[in-house]
Amino acid sequence: MQNQIHELAKTLPPPRKQNTACDACRARKVKCNQIPGQDKCQHCLSKNYPCTHFIQQATTEKKRNAAAAKRPRTLSASSSSGQPSSSRLGPAEHMAASSHPGTAHAFQSPGSHLPQQVHLPPPHAITPDTQTRDLLTYIFSPPDPSPGNSQVNGSTHIRLGSSPSPAAYAEWGPLAHRLNEESFRIEFALDLVEVFFQIVHSRLPLLNPSQFRTRMHYSLYSTGSQNGSTSPSNPAGSTVAQQQRTRNSTSPLGGQSAQQRPLHPALVATVIAWGAKFSEHPLFIADRHSNGGQSAFAKVLINRARDLAEDMKVHRVPNADHVVIALLIEPLQSQSLEDNAGFHGFWLGSAIRLLLDLQINHKSVMSNIQDPEARGTMIFAWWMACLADAYRSVYYRRKPMLDDDDYDIDFYTVGPVPPDIIESHAPQPSPREQLEFLGYYRAAHALARIARQMSRQLWRPATESDGIPADVLTNFMSMLSDWRDEHLTHVGVPSNFEAEWDFVSAVTACASDATYHIMWIILCNALDDFGIREVNDVARAGTPEAMLPQHAQIEENKKKVMNEALHGALRIAGLAGVLATNGYLRLDCAVMHVSCIQAGMLLARLGRPEVSNCITGLEQYAYAYEECADQAAEIKRIYKQALAGDAEFNHMAGAQPRPGTSGEGASGSGSAMNVDQPVFGAFP
């Protein structure tokens, strides 16, 4: 018996070592996961940090403090010159390097076998009290000129004591050198804020535009330091800021008017990064022209906003600002699961955890928020996170974080518009617009609940190995059909576009319509991958499928799912064609791109020429989301394979529609809209 236990112990993995986090992971308080055989942990590999263990090597408190003072954080020197390598600097390190020009020096670590390191003085981290002007200096600092910068998309290190040369900005085009001028930086930042509110805010209305603009202008143009802020030029500001916060806490109004409260630095950086995605400023036009149609500057702004949010512990500290920042960052970054630098789903998950920590999911807590503006923002944030979690789970084959019993609030409990807002002469939505707004979220929530159930039933190991039970398939088909009958005519695209429809109305209706139809495509793909459990069981037993009692009904259901999926893919292709014709997808913040991908993949596998609409839509999306160009190219490749007879179905091969079938026979065809004339042009 002891020998058996001994032999079993040999096969077990070695026990996990405690307290072995590297310095970078320890400083950022993230999990340090190092794969055996690799020199760096996964966190340091993804961010191109040096993976050092100075703190862990110190055994006593005295040695630990000494190691903390000398560890290089995120800088390393790869040569004896003492110059920083191309490792990406976070906001704290940037401020440190900027605050002490000429003080960085190289030192030789105790072991002669260790590489030479760069020692920096204690950093001035960006905090909520940092002046907005100093924040813009960090955000718009030039890219790292060192070799390998194409792999380092984050912040750089400059020195405020001396202005960078125009050549430092060359990577961002011929006009980027103007970012060295403070007056231009301020004007440029305000321009990007306006782009955000014109394009992004209409789809993600998480901010108060008037309040944000007022606070932004006040923080930029007010005289003196911003609330006693800390900055490289004001090292004593922390004491003043603390005194100011103490006075604020004893004042009924917090010691500040609404317009005087400083904006969260990570929120400002995120709004500016969003504006950069869609801006037509001459600087970005020149940048895209110099970088093959993609803006290298916009990519850096996105990474700096994300790094700043991480450094300021946005994902860890629950408050309203952090919820909004996390929800805005998630659709801002790369939407590709394969992009290791995208952190896909991380910020959405963080926002949900913050909302749960704040107990926003409780009606009793929500009703106790006295400020109508804050209450409305948190309600919208909750529903945005709730819907995004459900849809993401079914799109990307993940389990949802939330379930139906995790909350007891609903969107339509929001009270009427307060009288003081009505008297402010602010533009108010019409009753028709309010009804459409409430109807949209009621329908979206109902569909999200179906998506959750699909995720929990379809994306299980048992389903993957055994197949989808026939009764589960029938239940999903019934739920989707019921949703269509109750909601699609109200929130989907009508039979024809009305002349007064604007960008928001068109994209919202098209997105609602496409979100429903993509559910059939997802169900069809799951059937093709996993099959029906009862059919798989008789196949494994070697019994003919025709001997199965419900064989005819199962085959009929499979054909219906395929027809509904084809009908949905054609409808999405038509919607994409209409939106792309008007240039709307170029300005869309990743709302319909998943629909275009799923519909395009199905049409490509079936060899349908209508796939060109989805490809055109994704190519238009690539203006703001670079990965969409690769997805469009992949759909083209699959389409060419289908034309050559190489694309095949698995469990749904018998339900594959015959050539010439267009999907109009699906049960949902009665609600089809008049988008029959999109251009189905050929593509190379």
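**Exercise 1. At what angle do the axes of helix α8 and α9 cross, and how is the pair to be described?**

Solution. The axes of helix α8 (residues 182-200) and α9 come within 12 Å and cross at roughly 175 degrees, where axes are lines fitted to C-alpha atoms, for helices over the stretch in contact, and angles run from 0 to 180 degrees between N-to-C directions. Helices here (H or I, at least four residues) and strands (E, at least two) are DSSP runs, numbered from the N terminus. Angles under 35 degrees count as roughly parallel, over 145 as roughly antiparallel, 65 to 115 as roughly perpendicular and the rest as oblique. The helices α8 and α9 are therefore roughly antiparallel.

The next step is to find the residues in contact, meaning heavy atoms within 4.5 Å. From α8 these are I186, A189, L190, V193, E194 and F197, and from α9 they are P209, F212, R213, M216, H217, L220 and Y221. By class, the contact of α8 with α9 has 10 nonpolar, 1 polar and 2 charged residues, with Ala, Val, Leu, Ile, Met, Phe, Trp, Tyr, Cys and Pro counted as nonpolar, Asp, Glu, Lys and Arg as charged, and the others, Gly among them, as polar.

A note on the model: it is predicted, local features need pLDDT of at least 70, side-chain atom pairs count only at pLDDT 80 or more, and totals for chains, interfaces and linings use all residues. Residues are numbered from 1 along each chain as its sequence is written, and side-chain values use heavy atoms, with hydrogens and water left out.

**Exercise 2. How do the axes of helix α7 and helix α9 cross, and which residues make the contact?**

Solution. The axes of α7 (residues 132-139) and α9 (residues 209-221) come within 8 Å, and their crossing angle is roughly 95 degrees. The two helices are therefore roughly perpendicular to each other. On the α7 side the contact is made by T132, R133 and L136, and on the α9 side by M216, S219, L220 and Y221. Sorted by class, these residues are 4 nonpolar, 2 polar and 1 charged.

**Exercise 3. Which residues have the most contacts inside the largest nonpolar core?**

Solution. A nonpolar core is a set of buried Ala, Val, Leu, Ile, Met, Phe, Trp, Tyr and Cys residues joined through side-chain atoms within 4.5 Å, and buried means under 20% relative accessible area, exposed over 50%, partly exposed in between (1.4 Å probe, protein chains only). The largest such core has 170 residues, and those with the most contacts inside it are F140, L179, I272, W274 and L523. Its largest share, 16 residues, comes from helix α22 (residues 503-530). Taking L179 and not counting residues up to four places away in sequence, one finds among its contacts F140, Y169, W172 and F297. Apart from this core lies another, of 7 residues, which includes C22 and Y49.

**Exercise 4. Is G607 buried or exposed, and which residues does G607 contact?**

Solution. G607 lies in the loop between α25 (593-605) and α26 (611-621). With a relative accessible area of 19%, G607 is buried. Leaving aside neighbours within four places in sequence, G607 is in contact with Y639, A642 and L643. G607 and G645, which are 38 residues apart in sequence, are 9.0 Å apart in space, C-alpha to C-alpha.

**Exercise 5. Where is V493 found, and how far is its C-alpha atom from that of T508?**

Solution. V493 is found in the loop between α21 (470-491) and α22, and at 5% relative accessibility V493 counts as buried. The C-alpha atoms of V493 and T508, 15 residues apart along the chain, are separated by 9.0 Å.
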